[in-house]
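Q: Hi! Could you walk me through this structure, step by step?

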Amino acid sequence: MTVATDLQQVVEDTAAHLYVWALKDIPQDLRDAIAAAVERETSVPGRRVLETIVRNVEVAEERQNLVCQDTGIAVYACRVGEHFPLHPARIYDALKTGTERATVEHPLRSNAVHTITRENTGPNTGHRLPIVHWEFIPDWDGLDVKCVPKGSGSENMSFLKMCVPADGVKGIKQFVLESIVGAGGKPCPPGIVGVGIGGSADYAVYLAKDAITRPVGTRNSDPVVAELEAELYDLLNQTGIGPMGLGGDVTVLAVHIEHADTHMTLNPVAVNYQCWAARRASAHISAAGDVDLDREF
Amino acid sequence: MAEHRLTFPATEEDIRKLRAGDLVTVDGHIIGIRDRTQIRIFDQGQEPPLDLSGAFLLHTAPNVRRLGPGKYEPLCIGTTTSARMVRFTEPLGERYGVRAICGKGGLPDEAIEPMRKHGMVYFAIVGGAAALETTQIEEIEEVAWEDLMPECLWKFRVKDFGPLWVGIDSHGGSLFHDVQEAAQKRLEELVANL
Ligand code: SF4
């Protein structure tokens, strides 16, 4: 009992730390991708936008300020080992309290409102907020927590289409292309395009969000899916939307796809956009309560 | 593509010199405004307590710390998506003589005609670059309608504010229109070759 309570405190402290850390200091893989984009961009305004983004990331670090003013909606991805001594119900409580503490103590702008009344519901928490994606791992006693604060400008650029099997993979590609061209400069490009395919309508959208939490440019382990990631990346960067929609070569930094097998008559595809400020911070927590902060997953 | 430095409030003559695609840096005073502020002015018919003639309006809801009555320190000030507020473009120019609207992501084509008619421009800023933007704000000089916090009317004094691009000029030009038109054409080609 005492162990579990202490562990709950550890998870809460970790969540509070991860939320603020994610907002202030973007991961190295993202910095590298932005730096590579500066080199690649040939349009004059596009290049200047990317240089301004690089400068902004440096200023945030120097002044210990937030990279972007939108503190987003708190999304966590948890991988829970079968033998981790704290039940997910308690892990959820800890993530919620940690989010609230970070918001009040820092302080951070609170964005959470009731969907109908638009009244503020709490310090970045509310009914079913924060949002947690769960994965359960057999034969393991640890917990991995990843915090991904998700901004609204990019979240508003989310799309679902129930393609039919006859549309094939061509239908999937076409929908992703149309979505990104239609989004234009609104989601603060260049960012990570998360694509979810297969499963059901709800699951495709869920997978698209999972996809944006991966480090920039990581490949899906299924070679067929990885090939589609590479092809979509090339196609999207030929659209000319460019940084901030001002025109240019770099429209996206990466395309990540997650998939699930589906019904023989279904072919769902979902797009979730993550802006250039693809904030992410993670930690491993052992059964004994040791915390190892890590940005690489 | 020219580069300009402008001080606000500005005149119609200053604004007519700008062309879509130009790069601009701004000094002087700018006014922070957002959805609820404009709903109060135009839908609820309340006169804004700050002078908007010649003004530069920034689409923002700043993170601030309260220092005392009417006195705030900027913590993190960034810019929000403009498209939601496009319907206020015409009355801002016609009734109040606003000269510039600044935000991220662009304004739809319905802003082109009012901007041409009233001598206004839309400036595109780098969305999300709030840490940098905050360093360009020297002081929050005035705040009105504090009950709308954070969507009040804010008066900021700025230095080297930018970089900004002229997204829509006062001659009927729109960078966003041109980029979107070209991208739609490109999209058709890409889809045809899938
Ligand atoms: S879309 Fe992303 S980078 Fe742009 S303002 Fe929102 S959170 Fe910030």
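This is a predicted model: local features need pLDDT of at least 70, side-chain atom pairs count only at pLDDT 80 or more; totals for chains, interfaces and linings use all residues.

Q: What ipTM and pTM does the predictor give the complex?
A: The predictor gives the complex an ipTM of 0.94 and a pTM of 0.95.

Q: And what is the mean pLDDT of chain B?
A: The mean pLDDT of chain B is 96, and 100% of its residues reach 70 or more.

Q: Okay, helices now. How many residues does helix α2 of chain A have?
A: Helix α2 of chain A runs over residues 28–40 and has 13 residues. From its first C-alpha to its last, α2(A) reaches 18 Å, close to the 18 Å expected at 1.5 Å a residue.

Q: Which residues in α2(A) are buried?
A: Those are D29(A), L30(A), A33(A), I34(A), A37(A) and V38(A).

Q: What do the buried residues of α2(A) pack against?
A: They pack against α3 (44–63) and β6 (252–260) of chain A.

Q: New topic: which residues form the nonpolar patch on the surface?
A: L160(A), M162(A), V205(A) and L266(A) form it, with about 300 Å² of accessible area together.

Q: Where does V205(A) lie?
A: V205(A) lies in helix α7 of chain A, residues 201–212.

Q: Why does V205(A) count as partly exposed?
A: Because its relative accessibility is 41%, and partly exposed means between the 20% limit for buried and the 50% limit for exposed.

Q: Which residues in α7(A) are buried?
A: In α7(A), A204(A), L207(A), A208(A), K209(A), A211(A) and I212(A) are buried.

Q: And what span should α7(A) have?
A: Its twelve residues should span 16 Å at 1.5 Å a residue. The end C-alpha atoms of α7(A) are 18 Å apart, which agrees.

Notes:
Residues are numbered from 1 along each chain as its sequence is written. Chains are lettered from A and ligands numbered from 1 in the order in which they are written. Side-chain values use heavy atoms; hydrogens and water are left out. Patches are made of residues with over 30% relative accessible area and no salt bridge: like charges are joined within 9 Å, nonpolar side chains (Val, Leu, Ile, Met, Phe, Trp, Tyr) within 5 Å. Accessible areas come from the Shrake-Rupley method with a 1.4 Å probe; for residues, only the protein chains shown count as cover. A salt bridge is a side-chain nitrogen of Lys or Arg within 4 Å of a carboxyl oxygen of Asp or Glu. Helices (H or I, at least four residues) and strands (E, at least two) are DSSP runs, numbered from the N terminus. Buried means under 20% relative accessible area, exposed over 50%, partly exposed in between (1.4 Å probe, protein chains only). The expected span of a helix is 1.5 Å times one less than its number of residues. Contact means heavy atoms within 4.5 Å. pLDDT is the predictor's confidence in each residue, from 0 to 100.
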